Amino acid sequence: MQERSTDPAAPDRALLHIARPRLALFRAPHPNGAAMLVMPGGGYNYVVIDKEGYEIGPWLAARGVSAFILFYRLPQEGWAAGPDVALSDAQRAMRLIRHRAEELSLDADRVGAMGFSAGGHVCADLATRFGARTYAPVDAADGLSARPKVAAPIYPVISMHRPEAHEGSRRNLIGETASPAMERRHSPHENVMPDSPPCFLVHAEDDPAVPIANSLLLRDAWRAKGLPVESHFFEEGGHGFGLRRAAGKPAAIWPELFYNWAAAQGLFARA
């Protein structure tokens with residue numbers, strides 16, 4: 001684990017060499033039955049814990065939504081699934097949450113997904129390739145759907161094509177010399193399905209790391225399929241703002257915008 005912050009009051013830890021994926025649960029004290037699978041970012045180089053995991057978890061839980069933070073394996077570390085390893089972990093996580101829904105006072109039909117930066121790529125990959133066979137079934141849970149009810153890629157890595165690609169994520173995911181076919185396979189905007197879930201996007205125009213073109217490509221791909229998509233683009237915010245780093249900026253309102261949108265999609269209320 002690496003501590004990247006010099007401020008003891010604002011930790012920014014990152015996990016490396018994840019040998020076994022795991023879920024950290026923030027249980028809602030007054031659950032409304034909804035759940036969110038949350039995938040932090042880290043450029044597929046590591047998985048950040050705090051700003052895109054342990055901060056959003058309590059925020060969701062306080063609003064009745066049980067939050068599951070996924071610490072997924074990293075594709076450059078030699079796993080048999082290769083570039084699909086993080087997607088495998090997200091698929092398995094969605095199925096496990098549904099498998100244990102009754103035990104956890106959840107509605108198995110109301111499980112959404114959210115991801116940040118490279119975790120936004122995992123989220124978008126899950127929303128477009130939830131049915132892809134990326135691992136051998138383990139148990140009964142793997143008979144369940146991995147499709148999220150809604151997907152929220154936040155300042156996401158999307159395209160593996162240059163110049164839009166985030167170079168670090170691209171290198172770690174598919175390598176420097178990936179073929180055009182490999183680039184397409186791992187660019188979620190090129191894999192949107194007619195039954196991909198409603199999508200919510202947030203990005204800052206001044207993002208210096210992941211060009212806003214990534215979110216625009218995903219938005220246009222959703223619209224081309226006639227699927228529901230809501231987009232919020234902010235003039236200022238940079239990259240990796242999560243909750244805390246958006247404070248005092250217009251982008252700080254994005255969590256409430258997401259909550260209101262997801263409620264309208266039926267995630268937070270029984271039909």
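Modeller: This is a predicted model. The axes of helix α3 (residues 85-99) and α4 approach within 9 Å and cross at roughly 70°. The two helices are therefore roughly perpendicular to each other, and α3 passes α4 in a right-handed crossing.

Biologist: Which residues of α3 and α4 meet?

Modeller: From α3, the residues are Ala 86, Leu 87, Ala 90, Gln 91 and Met 94; they meet Val 122, Asp 125, Leu 126 and Arg 129 of α4.

Biologist: Across which strands does helix α4 lie?

Modeller: Helix α4 (residues 118-129) lies across β4, β7 (111-116) and β8 (151-154), and it runs at about 145° to β7.

Biologist: In what order do the strands of the open sheet follow one another?

Modeller: In general, strands of a sheet pair through backbone hydrogen bonds, either parallel or antiparallel. Here 7 strands form an open sheet in the order β3-β6-β4-β7-β8-β9-β10, with mixed pairing. Its edge strands, β3 (22-26) and β10 (229-234), each pair on one side only. On average, neighbouring strands of this sheet are turned by 15° against each other, direction ignored.

Biologist: Are the residues of β4 buried or exposed?

Modeller: In a regular strand the side chains alternate between the two faces of the sheet. In β4 both faces are covered: Ala 35, Leu 37 and Met 39 are buried on one side, and Met 36 and Val 38 on the other. With 5 of its 5 residues buried, β4 is therefore largely enclosed by the rest of the structure.

Biologist: Which residues have the most contacts inside the largest nonpolar core?

Modeller: That core has 77 residues, and those with the most contacts inside it are Ile 56, Trp 254 and Phe 258. Leaving aside neighbours within four places in sequence, Ile 56 is in contact with Val 38, Ile 69, Met 114, Phe 116, Leu 243 and Trp 254.

Biologist: Which residues does a cis peptide bond join?

Modeller: A cis peptide bond joins Arg 162 and Pro 163, with omega of about 15°. Pro 163 is placed in the loop between β8 and α5 (167-174).

Biologist: Where is Gly 237, and what does it touch?

Modeller: Gly 237 is in the loop between β10 and α8 (254-264). Its relative accessible area is 9%; the cut-off for buried is under 20%, so Gly 237 is buried. Not counting residues up to four places away in sequence, Gly 237 touches Ala 204, Asp 206 and Lys 249. Its C-alpha atom is separated by 9.8 Å from that of Pro 208, 29 residues apart along the chain.

Notes: Residues are numbered from 1 along each chain as its sequence is written. This is a predicted model: local features need pLDDT of at least 70, side-chain atom pairs count only at pLDDT 80 or more; totals for chains, interfaces and linings use all residues. Side-chain values use heavy atoms; hydrogens and water are left out. Two strands pair if DSSP finds at least two bridges between them. Helices (H or I, at least four residues) and strands (E, at least two) are DSSP runs, numbered from the N terminus. Axes are lines fitted to C-alpha atoms, for helices over the stretch in contact, and angles run from 0 to 180 degrees between N-to-C directions. Contact means heavy atoms within 4.5 Å. A nonpolar core is a set of buried Ala, Val, Leu, Ile, Met, Phe, Trp, Tyr and Cys residues joined through side-chain atoms within 4.5 Å. Buried means under 20% relative accessible area, exposed over 50%, partly exposed in between (1.4 Å probe, protein chains only). Angles under 35 degrees count as roughly parallel, over 145 as roughly antiparallel, 65 to 115 as roughly perpendicular and the rest as oblique. A crossing is left-handed if the near helix is turned anticlockwise from the far one by less than a right angle, and right-handed if clockwise.
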